[in-house]
Amino acid sequence: MTRVAIVGGGPAGLSAALFTAKNGLETTVFDTDETWMHKAHLFNYPGIGSIGGDAFIEVTRQQVDDFGVDRRQGAEVTGVSKDGGFTVSTEDGEYGADYVVLATGADRSLAEDLGCEADDDGVVEVGVEMETSVADAYATGAMVRAEEWQAVIAAGDGAAAALNILSKEKGEHYHDFDVPADATETFGGMVDEV
């Protein structure tokens, strides 16, 4: 059983995975590698002057791998259901989870199947914490917006979902904020010298 199951390996899904895994929650990402980032070049992402979408995804995948995310590359999710916890179904089997983060771009079919409320245009309804009408199910990125689709927005959605999950787990508002004095001790060889 994984604590957090994330469906989608673009900026939203990988951002959510980074935050949950970095903070000790067992995290699995199911990624068919169909992210729009393969068609992108980023000039509008804070902290990055210029990077191709493929390179951005590879760097982000390496970050989540460094924190121990179970990344199921090529695993297509065929269904998500809830009966107490969540069951994520793939062709290779079923996986249990306490939380699910849907990060499937404009494909809202899993959210529909799960029974998440949507507006008249099919946009999944969420609050600022990205939680859907189904408790402990989160939706991110293009599935929660009619047209405002940007990598940085999607990554922020993933982070918001992850922080809400972490707040639920810790029983208080959780802030993921690292300081330089703790970086080397906490992250060892992953810290770049600036």
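Colleague: Which residues does L18 touch, leaving out those up to four places away in sequence?

Modeller: In this predicted model, L18 touches Q63, V64 and F67. Contact requires heavy atoms within 4.5 Å. L18 itself is found in helix α1, residues 11–22.

Colleague: Why is L18 called buried?

Modeller: Its relative accessibility is 17%, and buried means under 20%. L18 therefore counts as buried.

Colleague: What makes S89 count as buried?

Modeller: The cut-off is under 20% and S89 has 17% relative accessibility, so S89 counts as buried. S89 is found in strand β7, residues 85–90. Leaving aside neighbours within four places in sequence, S89 is in contact with E76, V77, T78, G79 and E94.

Colleague: How do you know that the span of α2 is close to the expected one?

Modeller: Helix α2, residues 53–66, has 14 residues and reaches 20 Å from its first C-alpha to its last. At 1.5 Å a residue, 20 Å is expected.

Colleague: Which residues of α2 are buried, and why are they said to line one face of the helix?

Modeller: They are G53, F56, I57, T60, R61 and V64. Seen down the axis of α2, the buried residues fall within an arc of 130 degrees, so they line one face. The buried residues of α2 pack against α1, β2 (27–31), β3 (41–42), β4 (51–52) and β5 (70–73).

Conventions
Residues are numbered from 1 along each chain as its sequence is written. This is a predicted model: local features need pLDDT of at least 70, side-chain atom pairs count only at pLDDT 80 or more; totals for chains, interfaces and linings use all residues. Side-chain values use heavy atoms; hydrogens and water are left out. Helices (H or I, at least four residues) and strands (E, at least two) are DSSP runs, numbered from the N terminus. Buried means under 20% relative accessible area, exposed over 50%, partly exposed in between (1.4 Å probe, protein chains only). The expected span of a helix is 1.5 Å times one less than its number of residues. The arc is that of the directions from the helix axis to the C-beta atoms.
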